Amino acid sequence: MKNYKIRNRNQKINYITEEPSAELRIKQNQSARGRFCLTDFQLRVLEETLKIPLGEVRTYRWIATRVGCPKAVRAVGSALKKNPYPILIPCHRVVKSSSGSRGNMGEYSGGKEIKARLIQLEKRLKNIFANAKMQNKYK
């Protein structure tokens with residue numbers, strides 16, 4: 001079994017014998033490749049964003065509260081802006097709390113129109129999956 005070196009905040013090296021989690025691999029890649037650098041707060045924001053179900057949206061305030069910093073709404077937006085995998089980590093599902101039905105949804109790396117289209121597409125997919133599940137239930 002391979003030993004993996006993991007550096008923590010104090011630059012101490014810990015050795016583990018099992019495969020590191022995805023979060024630890026991301027942290028290792030940050031320092032090894034230098035392509036992107038995320039803080040612990042930003043990683044927590046991205047992890048909470050992964051928990052948003054398909055076809056649903058949450059507000060920046062909801063994410064901030066879930067990561068334990070309810071007043072860090074703008075910091076959540078900044079963390080989502082640094083999302084290295086915008087399709088895999090669905091930052092398009094996070095909207096402004098004042099967005100309403102026709103209001104400003106917030107920024108997105110692909111543009112606001114793409115963000116709105118992605119949300120609509122996911123809502124349609126969610127309905128399709130729900131209908132397919134109901135049909136399979138009665139077979």
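1. Leu 125 lies in helix H5, residues 112–137. Helices here are DSSP runs of H or I with at least four residues, strands are E runs of at least two, and both are numbered from the N terminus. Leu 125 is partly exposed, at 31% relative accessible area. The cut-offs: buried is under 20% relative accessible area, exposed is over 50%, and partly exposed is in between (1.4 Å probe, protein chains only).

2. Provenance next. This is a predicted model, in which local features need pLDDT of at least 70 and side-chain atom pairs count only at pLDDT 80 or more, while totals for chains, interfaces and linings use all residues. Residues are numbered from 1 along each chain as its sequence is written, and side-chain values use heavy atoms, with hydrogens and water left out.

3. The fold. The protein has five helices and four strands. Along the sequence they follow the pattern β-β-α-α-β-α-α-β-α. Of the 139 residues, 27% count as buried. Take the contacts with a separation of 6 or more: residues 24 or more positions apart account for 44% of them. Contact means heavy atoms within 4.5 Å.

4. The surface. The protein exposes about 10,000 Å², and carbon and sulfur atoms supply 53% of that area. Accessible areas come from the Shrake-Rupley method with a 1.4 Å probe; for residues, only the protein chains shown count as cover. Leu 125 belongs to a nonpolar surface patch of about 420 Å², together with Leu 54, Leu 121, Ile 128 and Phe 129. Patches are made of residues with over 30% relative accessible area and no salt bridge; like charges are joined within 9 Å, nonpolar side chains (Val, Leu, Ile, Met, Phe, Trp, Tyr) within 5 Å.

5. Helix packing. Two packed helices are described by the angle between their axes and the distance between the axes. Helix H2 (residues 40–50) and helix H4 (residues 73–81) have axes that come within 9 Å and cross at roughly 80°. That makes H2 roughly perpendicular to H4. On the H2 side, the contact uses Phe 41, Gln 42, Val 45, Leu 46 and Thr 49; on the H4 side, Ala 75, Val 76, Ala 79 and Leu 80. Axes are lines fitted to C-alpha atoms, for helices over the stretch in contact, with angles from 0 to 180 degrees between N-to-C directions. Under 35 degrees counts as roughly parallel, over 145 as roughly antiparallel, 65 to 115 as roughly perpendicular, and the rest as oblique.

6. Salt bridges. The whole structure holds six. The criterion is a side-chain nitrogen of Lys or Arg within 4 Å of a carboxyl oxygen of Asp or Glu. Lys 51 and Glu 48 form one of them, at 3.1 Å from N to O. Lys 51 is exposed at 52% relative accessibility, whereas Glu 48 is buried at 9%.

7. Glu 56 and Lys 126 meet in a salt bridge at 3.0 Å, N to O. The pair links distant parts of the chain, 70 residues apart: Glu 56 is in the loop between H2 and strand E3 (58–59), and Lys 126 is in helix H5. Glu 56 is partly exposed at 24%, as is Lys 126 at 33%.

8. A pair within H5. The side chains of Arg 117 and Glu 113 also form a salt bridge, with 3.0 Å from N to O. They are separated by about one helical turn, because they sit four residues apart in helix H5. Arg 117 is exposed at 54% relative accessibility. Glu 113 is exposed at 53%.
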